[in-house]
Amino acid sequence: MKINHINTPLFRTSGIVLMLLISLFSGCDKNENPATEPAKIKFHFTHYNQGEPQQFDTMKYVNAAGNQYLVNEIQYFISDVRLHFADGSGQLLDGWKDIHYVDTDLPETQVWSVFDDLKAGDVEKIVFTFGITAQKNNSLMFVNPPERDMFWPEVLGGGYHYLKLNGKWRTPEGQIYPFDFHLGIGQIYAGGVVHVDSITGFVQNHFDVELPASSFTINHGESIEAEIRMNVENWFQNPNTYNHNIWGGDIMQTQAAMQQGCENGRQDVFTFHKN
Amino acid sequence: MKLQKFFCSFSQTDYFQTKIVSATLIFAFSGLILLSCTKEQPAVETYQPTPYEIEIPYGFPTLLNIPDDNPMTVEGVELGRVLFYDGRLNGRTHPDSLMSCATCHRPENSFEIGQPRPYPFGVTGNPTHHAMLPLINLVWNMGTYGWNGSVPSIEADVLLVISSAAEFDSSPERVVNTISNIAGYPELFRKAFGTPEVTPDRIAKAIAQFIRTLISSNTRFDKYMRGEVQLTPEELRGFVLFTTEEGADCFHCHGGFGNPLFTTNLFYNNGKDSVFTDPYDRFSVTGNTMHRGAYKATTLRNIEFTGPYMHDGRFETLDEVIDFYSHHLINTPYIDPLMHHIANGGIQLTPIEKEELKAFIKTLRDEEFLANPDFGAPEKLPGQ
């Protein structure tokens, strides 16, 4: 009698054992070939003031308006980070998680390891949205801290703050008062009466930032470390000289102040750095 | 039938040879896998408790602070509830010496002691450092319990309470000895944890499980958020004050529509004092001088039942609190930047606006929470 070995218990059992052993050890057998490996990028979000790393809670800074001030904390969203390639194509990074929260009190928010593989080629520039576009800025989309605590009140337009830059400044009289430089959806008030009953419309203040000098080449298998730097003093200058003595401690209901901040923000608040 | 067919397909010798080799391979492989898992288990009859599911209310955080080593179970929660209300939990049995969690954490006061004692005191009469905080929605506190955030978990807090001179003034050993000798408790522990041993760790875990069930999510404001009710015009005006910078600007620290916990669980110096001498402020935990005089922004849910207010209970009524924020803020280098109204000494509400703000705050009353029978005392305690 001819035995069909393929159907024997010995063969079948040995096969199962072999497959289990292979599956156990297969994770250790990695074939790394840079020519075929995808490129990756990791962004570091840093915060500078007058060319040096931002120091917090120290009244050592003077803005363009001559206000002496300190910074206590900075929290913000950027979204829809796109690579624009020289060949005219583009790549939205991690489109499934397109809103990124950065908090100077939380180091884990200051690094973003992009999950998506990068296409090899020449990047002409990096563009992102500061804040969140109207289409995506939906209330209650973040229910967990810390993003949750950025919510922007419904009566003022809803969604989330784009930015909280909290600090204090010294008045001409020598008093030190808090300022909350908060950007988000602005309101238009009929007759200039700042009360929610007078709101006739809302202003989407989010803006696109084209990072200056953000061209670079992506090679196969490359792991890129890049820095997106916030130059904090520039929120208060170029083109508008922002004066805390004029705008006071809170601006969420003062569109003119938020507009100044946003116009400054799209200029040179953010810069790109890569070794 | 299938087996018979298999036997017939080749000779018995072949079959047994194959069988021996197969068995050897399986044995060897199993041994490889189970090498580290071959500890002898005691032949004790264990109980498998039933998992307890927390339903996330509308708009609430989906991240729950449930430690991996203390998963919630129906039996664990029930044991926790019994312990929470048992006056013998301090290790004493004399009727004059009983003290439980519920002695001070009373359900009718949102699990706070309520008026008139600003500082609760323990079984031996020593006062606590601070006024009380309510036990409400703590499953969403990510690990900064207490006014200064020094307590990392509810479990740790239970153990602190047992030993604190201002609370149970006892010891874990004494509590374990008392509880384990009460008929009925070992069986409750067996159901909650699989075996009947009473340990300090298990006591803390069971009570923590119960406290994590104390969820308030059915205030009038919750119903308003869900579109089930409309607020009155006065309440809505109060809500606008609550949630705008040009109004009272409560929302940055106390939440609102986007944060229905009505607390960020963060710490702020809110301008109460000019001199800071309390050795138990947030600064005592972080060492950051900017945290001098900073304390947790408490939840405003059921706040009308949890006076006196502030960490030292200095204000007896909500009117006093609103009046403080309106006119009596004190500027110091440590005041939180979110207190931008300090330039005017406060939010400067008119008498009508104060009433409107208070009317809104009262929409955060959760009567269902206060009277929930699942949170109340058990009908009977073990051994009674």
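Modeller: Gladly! A residue is called buried under 20% relative accessible area, exposed over 50%, and partly exposed in between, with a 1.4 Å probe and protein chains only. By that rule, buried residues make up 53% of the 384 residues in chain B. This is a predicted model, in which local features need pLDDT of at least 70 and side-chain atom pairs count only at pLDDT 80 or more, while totals for chains, interfaces and linings use all residues. Residues are numbered from 1 along each chain as its sequence is written, chains are lettered from A and ligands numbered from 1 in the order in which they are written, and side-chain values use heavy atoms, with hydrogens and water left out.

Biologist: What makes B:Cys250 buried or exposed?

Modeller: Its relative accessible area is 16%, so B:Cys250 is buried.

Biologist: Why is the pair B:Asp222 and B:Arg301 called a salt bridge?

Modeller: The label asks for a side-chain nitrogen of Lys or Arg within 4 Å of a carboxyl oxygen of Asp or Glu. In this pair the closest N and O atoms are 2.7 Å apart, and a salt bridge is formed. The partners sit in distant parts of the chain, 79 residues apart: B:Asp222 in helix α9, B:Arg301 in the loop between β2 and α13. Helices (H or I, at least four residues) and strands (E, at least two) are DSSP runs, numbered from the N terminus. B:Asp222 has 2% relative accessibility, so this residue counts as buried, and B:Arg301, at 0%, is buried as well.

Biologist: How do you know that B:Lys205 and B:Asp201 are separated by about one helical turn?

Modeller: They are four residues apart in helix α8 of chain B, which means about one helical turn between them. B:Lys205 is buried at 13%, whereas B:Asp201 is partly exposed at 42%.

Biologist: And what does the salt bridge of A:Glu210 and A:Lys125 tie together?

Modeller: The N to O distance there is 3.4 Å. A:Glu210 lies in strand β13 and A:Lys125 in strand β8, so the pair ties together parts that are 85 residues apart in sequence.
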